[in-house]
Amino acid sequence: GDIIMKLLSKKLLMICSVALSLTIAQVATAAGEQWTDRSLIYAVESGWGIDSYSVKLVNDSSTGGIYTNPAGCASPQAGYVTSPTDTGRKLYQDQLREAFLRNLPVKLLISPTDCPFNKPRIISVSLCRPNTDHALNC
């Protein structure tokens, strides 16, 4: 009887440890980078003598200024920005310009750690065709 209880206790402890580890991993992921809501871009600004691009999203202004800001940047209302040090910035900027000119909705992946120019930093751009809702996180 005691041996069985000890074995069950050890198995239960192991299961609880695994469950706790998975929960901690999920929380750590949730505190990482974040996607904005799907939105149109209503303003575009290029850098002041620096290779950067800043955009403002319709959804942010229409929801009373609720911004995606996982890094806690000081000026999220000034827009989301590409960093001049990102190797992918040219691609992001091309996608943002195309989305703005063609009136295509975008989702932006925002850095959890960096605030160039005190704005949330764009680390990926997802373009979506209008009036479609694919199961591809669009």
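Biologist: How many disulfides does the structure hold?

Modeller: The structure holds one disulfide, a term that stands for a pair of cysteine sulfur atoms within 2.5 Å. Before going further, please keep in mind that this is a predicted model, in which local features need pLDDT of at least 70 and side-chain atom pairs count only at pLDDT 80 or more, while totals for chains, interfaces and linings use all residues. Residues are numbered from 1 along each chain as its sequence is written, and side-chain values use heavy atoms, with hydrogens and water left out.

Biologist: Which cysteines form the disulfide, and how far apart are their sulfur atoms?

Modeller: The partners are Cys 73 and Cys 115, with sulfur atoms 2.0 Å apart. The torsion about their S-S bond is about -85 degrees, so the disulfide is left-handed. Cys 73 sits in the loop between helix H2 (58-62) and strand S4 (80-81), and Cys 115 in the loop between S5 and S6, so the pair ties together parts that are 42 residues apart in sequence. Helices (H or I, at least four residues) and strands (E, at least two) are DSSP runs, numbered from the N terminus.

Biologist: Is Cys 73 buried or exposed?

Modeller: Cys 73 counts as buried at 6% relative accessibility, whereas Cys 115 is partly exposed, with a relative accessible area of 24%. Buried means under 20% relative accessible area, exposed means over 50%, and partly exposed is in between, using a 1.4 Å probe and protein chains only.

Biologist: Stepping back, what does the secondary structure come to?

Modeller: The protein has three helices and six strands, and along the sequence they follow the pattern α-β-β-β-α-β-α-β-β. Of the 138 residues in the protein, 30% are buried.

Biologist: Which residues of the largest nonpolar core touch the most other members?

Modeller: Among the 14 residues in that core, Val 55, Leu 96, Leu 108 and Ile 122 touch the most other members. Strand S3 (53-57), helix H3 (89-102), S5 and S6 are the elements that give two or more residues to this core. A nonpolar core here is a set of buried Ala, Val, Leu, Ile, Met, Phe, Trp, Tyr and Cys residues joined through side-chain atoms within 4.5 Å. In soluble globular proteins, nonpolar side chains tend to be buried together.

Biologist: And what is Ile 122 in contact with, leaving aside neighbours within four places in sequence?

Modeller: The contacts of Ile 122 include Val 55, Tyr 80, Val 81, Tyr 92, Leu 96 and Leu 108, and also Thr 82 and Asp 86. Contact means heavy atoms within 4.5 Å.

Biologist: Now H3: which of its residues are buried?

Modeller: The buried residues of H3 are Arg 89, Tyr 92, Gln 93, Gln 95, Leu 96 and Ala 99. Seen down the axis of H3, they fall within an arc of 165 degrees, so they line one face of the helix; the arc is that of the directions from the helix axis to the C-beta atoms. What covers these buried residues includes strand S2 (41-46), S3, S5 and S6. The face turned away from the buried side carries the exposed residues Leu 91, Leu 101 and Arg 102.

Biologist: What happens just after H3?

Modeller: Just after H3, Asn 103 takes a positive phi of about 60 degrees, although Asn 103 is not a glycine. Most residues other than glycine have a negative phi. Asn 103 lies in the loop between H3 and S5 and is partly exposed, with a relative accessible area of 47%. Asn 118, in the loop between S5 and S6, also has a positive phi, near 65 degrees, in a residue other than glycine, and Asn 118 is partly exposed with a relative accessible area of 44%.

Biologist: Where is Ser 111 placed?

Modeller: Ser 111 is in the loop between strand S5 (106-110) and strand S6 (122-127), and at 4% relative accessibility Ser 111 counts as buried. Not counting residues up to four places away in sequence, Ser 111 touches Pro 70, Ala 71, Arg 121 and Ile 123. The side chain of Ser 111 also reaches the backbone nitrogen of Thr 113 at 3.1 Å.

Biologist: Last one, how far apart are Gln 77 and Lys 56 in space?

Modeller: Gln 77 and Lys 56 are 8.0 Å apart, C-alpha to C-alpha, and 21 residues apart in sequence. Gln 77 lies in the loop between H2 and S4 and is partly exposed at 44% relative accessibility. Leaving aside neighbours within four places in sequence, Gln 77 is in contact with Lys 56 and Tyr 67.

Methods: Polar contact = N/O pair within 3.5 Å; in protein donor to acceptor, adjacent residues only side chain to side chain.
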